[in-house]
Amino acid sequence: MTDETYRPKVQVKRSSAGLGLFAAEDIKKEQLIIEYTGDRITQDEANQRGGRYLFSVTKDLVIDGKGRENTARYINHACKPNAEAEHDDEEDRIYIRARKNIKAGEEITYDYGKEYMREIIGPEGCRCATCQTKTK
Ligand SMILES: C[S@@+](CC[C@H](N)C(=O)[O-])C[C@H]1O[C@@H](n2cnc3c(N)ncnc32)[C@H](O)[C@@H]1O
Ligand SMILES: [Zn+2]
């Protein structure tokens, strides 16, 4: 059982895909790391705003996490991620949780999903560690 109130220390640093979020201490598998926060807007409003920080929560709820206070916005996508986005459906909030033990200094990543990868990153655009080591 992990501590649901504790938030591990994290650090924003340069990564292979711009800035990224890194563990500043060891994080245990299943530990809740951080909440993805921001303006809670409709899908229509999100379509008008556009941007790279839109997180679709439900069919008609999107979190626009572009504000700097949303530290989770620095988490990059990886094809073999060490964390995952979790939907708390009672409150429609998004949390990022470790899916394996993460060592201090490791980058924290989750899978953005097919739609984001197709529409925003583009084919062959992924710069995660797994894709970077593939021979092109
Ligand atoms: C939520 S932000 C992540 C933080 C971002 N790297 C920054 O410097 O602010 C998402 C954007 O980061 C970049 N990104 C994240 N993961 C990526 C990946 N695996 N490959 C290429 N670009 C990525 C893309 O520009 C994407 O639209
Ligand atoms: Zn990748």
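**Exercise 1. The β1–β2 hairpin**

Find how many residues lie between β1 and β2, and how the two strands run.

Step 1. β1 and β2 form a hairpin, with two residues between them. Strands here are DSSP runs of E with at least two residues, and helices are runs of H or I with at least four, numbered from the N terminus.

Step 2. β1 covers residues 10–15. Six bridges join β1 to β2, and the two run antiparallel. Two strands pair if DSSP finds at least two bridges between them.

Step 3. Look for one facing pair. Gln-11 stands opposite Phe-22 in β2.

A note on the source: this is a predicted model, in which local features need pLDDT of at least 70 and side-chain atom pairs count only at pLDDT 80 or more, while totals for chains, interfaces and linings use all residues. Residues are numbered from 1 along each chain as its sequence is written, chains are lettered from A and ligands numbered from 1 in the order in which they are written, and side-chain values use heavy atoms, with hydrogens and water left out.

**Exercise 2. The β8–β9 hairpin and its turn**

Find the bridge partner of Glu-84, then describe Asp-92 in the turn.

Step 1. Strand β8 (residues 83–88) and strand β9 (residues 93–98) run antiparallel, joined by six bridges.

Step 2. The bridge partner of Glu-84 is Arg-97, in β9.

Step 3. Four residues lie between β8 and β9 in this hairpin. Asp-92 is in the loop between them. Its phi is positive, about 50 degrees, although Asp-92 is not a glycine.

Step 4. Asp-92 has a relative accessible area of 23%, so it is partly exposed. The scale is this: buried means under 20% relative accessible area, exposed over 50%, and partly exposed in between (1.4 Å probe, protein chains only).

**Exercise 3. Another positive phi**

Step 1. Glu-30 counts as partly exposed because its relative accessibility is 46%.

**Exercise 4. The zinc site**

Name the donors of the zinc ion (ligand 2) and classify their arrangement.

Step 1. The SG atoms of Cys-79, Cys-126, Cys-128 and Cys-131 coordinate the zinc ion (ligand 2) at 2.3 to 2.4 Å. Donors are N, O and S atoms within 2.8 Å of the metal (3.2 Å for Na, K and Ca); water is not among the atoms, so sites may look incomplete.

Step 2. Check the angles. The four donor atoms subtend 104 to 114 degrees, so the arrangement is tetrahedral. Four donors count as tetrahedral if all angles lie between 85 and 135 degrees.

Step 3. Read the spacing in sequence: C-x46-C-x1-C-x2-C. Cys-126 and Cys-131 are both buried.

**Exercise 5. The largest pocket**

State the volume of the largest pocket and which element gives the most to its lining.

Step 1. The volume is about 1100 Å³.

Step 2. The element that gives the most is α2, with seven residues. Elements that supply at least two residues each include α1 (43–49), β5 (54–58) and α3 (129–133).

Step 3. By class, the lining has 22 nonpolar, 15 polar and nine charged residues.

Technical notes:
Four donors count as tetrahedral if all angles lie between 85 and 135 degrees; four count as square planar and six as octahedral if opposite donors are over 155 degrees apart and all others between 65 and 115; anything else is irregular. On a 1 Å grid over the protein atoms alone, a cavity is a set of points where a 1.4 Å probe fits but cannot get out, and a pocket is an open set with protein on both sides within 12 Å along at least five of seven lines; lining residues have an atom within 4 Å of a point. Grid points are joined across faces, edges and corners, and a volume is the space filled by probe spheres set on the points. Ala, Val, Leu, Ile, Met, Phe, Trp, Tyr, Cys and Pro count as nonpolar, Asp, Glu, Lys and Arg as charged, and the others, Gly among them, as polar.
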